[in-house]
Amino acid sequence: MYAVKANPSPDLIRTLWDSGITHFDVASIAEVRLVRGLLPHATLCFMHPIKGEEAIREAYAVHGVRTFSLDSLDELAKIVAATDGATDLTLCVRLRVSSAHSKLSLASKFGIAADEAGPLLMATRQVADALGICFHVGSQAMSPQAYGDALGQVRAAIVAAGVTVDIVDVGGGFPSIYPGMEPGALESYFEVIHRAYEALPISYSAELWCEPGRALSAEYASLLVRVEARKGDVLYINDGAYGALFDAAHVGWRFPVELVREETSHARTMEFSFWGPTCDDMDFMRGPFALPADVQAGDMIEIGMLGAYGCAMRTGFNGFTAGDTVIATDEPMDSVYGVTQESSENVIPLRKLK
Ligand SMILES: *Cc1c(COP(=O)(O)O)cnc(C)c1O
């Protein structure tokens with residue numbers, strides 16, 4: 001599945017569909033409607049453990065959603081009520097697992113502890129056509145061990161409950177690559193997952209699922225900003241903490257940058273921080289961002305790897321709403337897939353878009 005919240009761009013969703021992704025992890029009724037409107041034949045899985053009853057009802061009755069996640073008996077009752085006791089449901093119980101290996105935690109909010117999950121797994125088994133167990137190790141998991149440890153928890157939960165499990169869903173968290181955050185090969189993650197999965201007490205017909213957001217979208221988009229002013233090693237740019245640079249401002253995430261000029265700069269490289277366009281001090285991206293020392297007002301900067309949780313986070317605060325979106329074909333600034341499209345005829349160098 002692709003986790004739509006990372007980047008709900010219709011162009012990306014269609015690109016993923018054309019590349020063979022047929023299942024989509026949606027978390028709100030707006031995401032359900034969006035993907036259903038774009039892809040009438042996609043399979044939608046409503047993987048938010050806490051949903052509005054009317055959202056479940058519409059997803060089930062209008063949009064053909066059959067897969068839902070939950071982490072409590074109350075949510076199970078809500079799903080049963082909202083689907084009028086449907087017998088064709090795939091229900092995934094969300095386990096609480098550690099986010100210790102990840103850059104962004106998802107450990108506190110959702111999930112039931114493995115040693116408390118027995119009654120919920122048994123009750124869910126009673127009403128589900130297919131029973132799954134899911135978890136999320138936190139976003140940008142920097143070690144495959146995150147999945148090995150979590151699958152150990154899945155094992156404990158299955159043994160304690162003694163239920164037949166049809167689906168194990170290892171969630172998202174698969175890393176992309178950013179300055180100072182270079183993960184190992186994705187294959188090493190898949191190896192750990194397959195090994196731990198093979199050791200689970202589940203039937204041969206069980207399915208292994210995952211729901212990456214970041215890893216499938218990070219390379220998809222860059223942000224092009226203009227330098228409005230420069231004061232020493234700080235650049236005032238026209239997007240920021242309330243725009244696509246939320247993570248750069250609020251959790252100190254770093255992104256690759258490149259000066260976009262007709263003529264390549266030969267100045268030495270120096271480190272800059274960025275102020276965003278709004279009127280408050282929180283709109284600050286410390287970086288450091290390495291750029292040629294002669295960068296000046298009027299220059300354009302490409303900030304790369306912003307396909308995940310970039311444009312998805314934009315607000316209209318202070319009137320600095322989303323700029324133009326241009327669909328182009330260009331290489332990502334970095335890649336965890338080891339592929340580039342250098343030779344493609346469709347590549348439009350960003351400086352030509354300016
Ligand atoms: C956010 C989220 C994802 C995607 O996480 P990434 O770290 O972007 O891969 C997948 N599943 C659920 C339930 C989520 O909340």
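## The ligand's surroundings

A word on the model: it is predicted, with local features needing pLDDT of at least 70 and side-chain atom pairs pLDDT 80 or more, while totals for chains, interfaces and linings use all residues. Residues are numbered from 1 along each chain as its sequence is written, and side-chain values use heavy atoms, leaving out hydrogens and water.

## Polar contacts and cover

Let's look at the polar contacts (N or O atoms paired within 3.5 Å). A nitrogen atom of the ligand lies 3.0 Å from a polar side-chain atom of Asp25. On the oxygen side, a ligand oxygen is 2.8 Å from a side-chain N or O atom of His136, and a ligand oxygen is 2.9 Å from a polar backbone atom of Gly213. On its own the ligand has 390 Å² of accessible area (Shrake-Rupley, 1.4 Å probe), and the protein covers 92% of it.

## Two domains

An automatic or database assignment divides the chain into domain 1 (2–217) and domain 2 (221–353). Their C-alpha centres are 32 Å apart. Where they touch (heavy atoms within 4.5 Å), domain 1 gives 21 residues and domain 2 gives 17.

Definitions and conventions: A polar contact is a pair of N or O atoms within 3.5 Å; within protein, one must be able to donate a hydrogen and the other to accept it, and residues adjacent in sequence count only if both atoms are side-chain atoms.
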